[in-house]
Amino acid sequence: MSSLSAPLNAEEIANLVHWRRCLHQEPELSLEEYDTQTWLLKTLAAMGAHDVHKVGGTGLALRFGRGETDATLLLRADMDALPVDEQSGLDFASRRPGHMHACGHDGHMASLLAVTQRLVAHASEIPGHVVVAFQPGEESGRGAVKMIEDGLLDGRWLDGRGSRVQAAYGLHLWSPLPVGVISCASGPTMAAVDDFTITVRGRGGHGALPHTADDAIVAAAHVVVALQSIASRRTNPLEPVVVTVGSFHGGSAFNVIAEEVVLRGTVRSFDKALGEHLPQWLTQIAQATAQAHGATAEVQYQRYTVALRNDPAMADRLARVAQKTAGVTTVDRELRMMAGEDMAFFLDAVPGCFFFVGCGGPQAEPHHSPRFVVDEAALPVGVNVMLSAVSEFFGA
Ligand SMILES: [Zn+2]
Ligand SMILES: [Zn+2]
């Protein structure tokens, strides 16, 4: 006898893999997921889900349940791909040159479709509501905010019939972990992502006459080194911070002292209070260091996503459920990383848990690599955990 949380059967697993491969072939970039949205609408309609709403531009949301209680649980999958030219060698590789599902979001959408198919058949088992959300624009860090602005969390998206979301679950396939491993740490799990541009300006001149110029290259090089003191000297060593300068552009010839250098980089952190100091520290160090070398520094600082924080109680619930789920061999509670993820905006507003689903192993290609591949045996493991978590949330 089938129930909402029974492990996927062979036919459901075949659908799951088929959907993932269809999506993999047609990747679209952040906030341009038009064809993906259309394909999802068609696939949802074919499984009997018709009341589907466009939310957040290219995103979609739909709702299940009897609605006799206020309990409303959000399930979220991201939709976008990356500007990467696929070199996986798969026979269902991307048909769009320069675009690739290199982060596994195709697998996330397929997994949420498999969950949705179960919800279609078992909606009457949900006393409250489950909101299913396909979210655009994760890689750009903008999609979750767009869905929240459209009322996904407060219920406005559903034309006055909506209910306030009380909790949220999401998953990410994770290639460094072997299939069978689920990871759900408590508290801060992924970092806040900030982005900066520093323009260092000196005075150009002849490469052989440094005393007649102010070398922007030397000044900028000192700025790069000095910025590392944010992590090593300004912050508590027990509180993680990363400052990376990812690009350094300046100069035009071997015998010309450069007048201008543009540095671009990212700052990552977990702690909110610490995060508030970062723009000021970075600006101060850049300007004072440039000045010490006769140059100036103009700093632009932008915040992308907040840190992703798993609610300890929701992470404990997910871990307990995962331990008993078919296909799960290990439940890790430690994995944290300084990568960012815009599920963070949902978990900043409501308690929830974002968990990792092993889909590779130590030798696997990293996410965002042109050779990134997903071991598809991971897909039903993630779906089974999600179904068990939904069932447990509603006390079924
Ligand atoms: Zn990614
Ligand atoms: Zn991702």
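A residue is classed as buried if 20 or more other C-beta atoms lie within 10 Å of its own, as exposed if 12 or fewer do, and as partly exposed in between, with C-beta atoms placed from the backbone. With 20 C-beta neighbours inside 10 Å, Leu4 therefore counts as buried. Leu4 is found in the segment before H1. Its C-alpha atom and that of Trp174 are separated by 25 Å, at 170 residues apart along the chain.

The model is predicted: local features need pLDDT of at least 70, side-chain atom pairs count only at pLDDT 80 or more, and totals for chains, interfaces and linings use all residues. Residues are numbered from 1 along each chain as its sequence is written, and chains are lettered from A and ligands numbered from 1 in the order in which they are written. Helices (H or I, at least four residues) and strands (E, at least two) are DSSP runs, numbered from the N terminus.

The protein is divided into domain 1 (10-190 + 308-393) and domain 2 (192-305). These bounds come from an automatic or database domain assignment. Taken over C-alpha atoms, the domain centres are separated by 37 Å. Eight residues from domain 1 and eight residues from domain 2 take part in the contact. Two residues are in contact if their C-beta atoms, placed from the backbone, lie within 7 Å.

An open sheet of eight strands has mixed pairing and the order S1-S2-S4-S3-S5-S16-S6-S15. Its edge strands, S1 (53-55) and S15 (330-332), each pair on one side only. From one strand to the next, the twist averages 25°. Two strands pair if DSSP finds at least two bridges between them.

Strand S4 (129-135) is largely enclosed by the rest of the structure, because seven of its seven residues are buried. His129, Val131, Ala133 and Gln135 point one way from S4. Val130, Val132 and Phe134 point the other way, and these too are buried. Five bridges join S4 to S2 in the antiparallel sense. Phe64 has Val130 in S4 as its bridge partner. S3 and S4 run parallel and are joined by seven bridges. Here, the bridge partner of Thr72 is His129 in S4. S3 (residues 72-78) also pairs with S5 (residues 167-178), in the parallel sense over four bridges. Leu74 stands opposite Ala168 in S5.

Two helices lie across strands of this set. Helix H3 (residues 105-122) lies across S2 (59-64), S3, S4 and S5. H3 runs at about 145° to S3. Helix H10 (residues 378-393) lies across S3, S4, S5, S6 (181-183) and S16 (352-360). The angle of H10 to S5 is about 155°. Axes are lines fitted to C-alpha atoms, for helices over the stretch in contact, and angles run from 0 to 180 degrees between N-to-C directions.

Strand S8 (192-201) has two antiparallel partners. S8 and S12 pair over 10 bridges. Nine bridges join S8 to S13. Arg201 is bridged to Glu260 in S12 and to Thr296 in S13.

Helix H7 comprises 21 residues (272-292). At 1.5 Å a residue, H7 should span 30 Å, and its end C-alpha atoms are 31 Å apart, which agrees. The expected span is 1.5 Å times one less than the number of residues. A kink of about 30° lies at Leu278 in H7, shortly before the proline Pro279. The bend at a residue is the angle between axes fitted to the seven residues ending there and the seven starting there. Leu278 is also one of the buried residues of H7, with Leu282, Ile285, Ala286, Thr289 and Ala290. An α-helix has 3.6 residues a turn, so residues three or four places apart point the same way. The buried residues of H7 pack against S8, helix H5 (216-227), helix H6 (229-234), strand S12 (260-269) and strand S13 (296-305). H7 is followed by Gly294, whose phi is positive, near 75°.

Positive phi values also occur in residues other than glycine, including Leu31 and His368. Phi of Leu31 is near 65°. Leu31 is found in the loop between helix H1 (10-25) and helix H2 (34-46). With 19 other C-beta atoms within 10 Å, Leu31 is partly exposed. For His368, phi is near 80°. His368 is found in the loop between S16 and H10. His368 is partly exposed, with 13 other C-beta atoms within 10 Å.
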